[in-house]
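Here is a short report for a reader who is new to this structure. Keep the sequence and the 3D view at hand while reading.

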Amino acid sequence: MKKTNTLNKLKKQERENRQDLIIEAARTVFGEKTYDRVSMAEIARKAGIAKSSIYTYFTNQEELYVEITVRDTRDFIKTLEGHINTEKAPSIQGVIDLFLDYYLLHEAQWRMTTHFALHGNTSIGSVEKLDCIAREVMDLLETLFQRLGFKGDTRLLSHTLFSSLSGILIAFKNYPGRSDQERQRHMKRIGTMVEVLFTALGETEKR
């Protein structure tokens, strides 16, 4: 019995390792091209495995993409929760810095998100999974505004903040004629302006 359990654990570990290998390769490929230009054959080549092996773990390209998106977004959610739910005094600026720093560091994740938003076609099941994980992010941003005492439509505020930060990354992540450091500094400066606008709105609500 003990030998059987050990073999089962080894098989499970081997399966998880193979799945992680596929996911890492797919994340890289999805980050380099728009979703509609990626093929399972290309992902297989990147992973160094046969194309047929991918289908042992994922039914199709969309399922693979959604799995990566959910995994990566949950990692971001954990980071965001650490600031909003455990900090005694969370701040809009803190969340802005966290958001920009996270996606500047995890560039492939960000490219995947924007590429798929523009070019991906989702089935009903995939839409539900993506909507669910997106709502978790918005719930946290809404919690931020509620903890800071905003009285208006905090859901709308959470959408506005997310859209503002996404726009900063889209517009200036690869802005020509500047170094990476200069682009990052500029994005942070714009982020500070976003914080000023939200803070002014909060002060207006309190009057």
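Ser166 sits in helix 8, which spans residues 154-172. The model is a predicted one. Ser166 has a relative accessible area of 8%. That is under the 20% cut-off, so Ser166 counts as buried. Its side chain reaches the backbone oxygen of Phe162, at 2.9 Å. Leaving out residues up to four places away in sequence, Ser166 touches Phe99 and Trp110.

Leu165 also lies in helix 8. Its relative accessibility is 1%, so Leu165 is buried. Residues up to four places away aside, Leu165 touches Ile96, Phe99 and Leu100. The C-alpha atoms of Leu165 and Asp97 are 9.7 Å apart, although 68 residues separate them along the chain.

**Helix 5 against helix 8**

Both residues take part in a helix contact. On the helix 8 side are Leu161, Phe162, Leu165, Ser166, Ile168 and Leu169. They meet Val95, Ile96, Phe99, Leu100, Tyr103 and Leu104 in helix 5. By class, the residues of this contact are 11 nonpolar, 1 polar and no charged.

How are the two helices set? Helix 5 and helix 8 pack at an angle of about 40 degrees, with axes 11 Å apart. Helix 5 and helix 8 are therefore oblique to each other. Their crossing is right-handed.

**Helix 4 against helix 5**

Helix 5, residues 92-105, has another partner in helix 4, residues 61-84. The axes of helix 4 and helix 5 come within 10 Å and cross at roughly 150 degrees. That makes helix 4 roughly antiparallel to helix 5, because the angle is over 145 degrees. This crossing, too, is right-handed.

Which residues meet here? Helix 4 brings Asp72, Asp75, Phe76, Thr79, Leu80, His83 and Ile84. Helix 5 brings Gly94, Val95, Leu98, Phe99, Tyr102 and Tyr103. The contact of helix 4 with helix 5 has 8 nonpolar, 3 polar and 2 charged residues.

Phe99 is a partner of Ser166 and of Leu165.

An α-helix has 3.6 residues a turn, so residues three or four places apart point the same way.

Ile133 is found in helix 7, residues 124-147. Is Ile133 buried or exposed? At 4% relative accessibility, Ile133 counts as buried. Neighbours within four places aside, Ile133 is in contact with Val70, Thr73, Arg74 and Ile77. Helix 4 covers residues 61-84, and these partners fall in that range. Ile133 and Thr69 are 64 residues apart along the chain, yet their C-alpha atoms are separated by 8.8 Å.

Ala25 lies in helix 1, residues 2-32. Its relative accessible area is 7%, so Ala25 is buried. Residues up to four places away aside, Ala25 touches Ile43, Lys46 and Ala47. Ala25 and Ile43 are 18 residues apart in sequence. In space, their C-alpha atoms are 6.0 Å apart.

Helix 2 runs over residues 40-47. Met40, Glu42, Ile43, Ala44 and Ala47 are buried in this helix. Of these, Ile43 and Ala47 touch Ala25. Just after helix 2, Gly48 takes a positive phi of about 75 degrees.

**Pairs across the chain**

The table gathers the C-alpha pairs described above.

| Pair | Separation in sequence | C-alpha distance |
|---|---|---|
| Leu165 and Asp97 | 68 residues | 9.7 Å |
| Ile133 and Thr69 | 64 residues | 8.8 Å |
| Ala25 and Ile43 | 18 residues | 6.0 Å |

**The whole protein**

How many helices and strands does the protein have? It has 9 helices and 0 strands. From the N terminus on, the elements run α-α-α-α-α-α-α-α-α. Of the 207 residues in the protein, 39% are buried. Among contacts with a separation of 6 or more, 66% join residues 24 or more positions apart.

Definitions and conventions:
Residues are numbered from 1 along each chain as its sequence is written. This is a predicted model: local features need pLDDT of at least 70, side-chain atom pairs count only at pLDDT 80 or more; totals for chains, interfaces and linings use all residues. Side-chain values use heavy atoms; hydrogens and water are left out. Axes are lines fitted to C-alpha atoms, for helices over the stretch in contact, and angles run from 0 to 180 degrees between N-to-C directions. Helices (H or I, at least four residues) and strands (E, at least two) are DSSP runs, numbered from the N terminus. Angles under 35 degrees count as roughly parallel, over 145 as roughly antiparallel, 65 to 115 as roughly perpendicular and the rest as oblique. A crossing is left-handed if the near helix is turned anticlockwise from the far one by less than a right angle, and right-handed if clockwise. Contact means heavy atoms within 4.5 Å. Ala, Val, Leu, Ile, Met, Phe, Trp, Tyr, Cys and Pro count as nonpolar, Asp, Glu, Lys and Arg as charged, and the others, Gly among them, as polar. Buried means under 20% relative accessible area, exposed over 50%, partly exposed in between (1.4 Å probe, protein chains only). A polar contact is a pair of N or O atoms within 3.5 Å; within protein, one must be able to donate a hydrogen and the other to accept it, and residues adjacent in sequence count only if both atoms are side-chain atoms.
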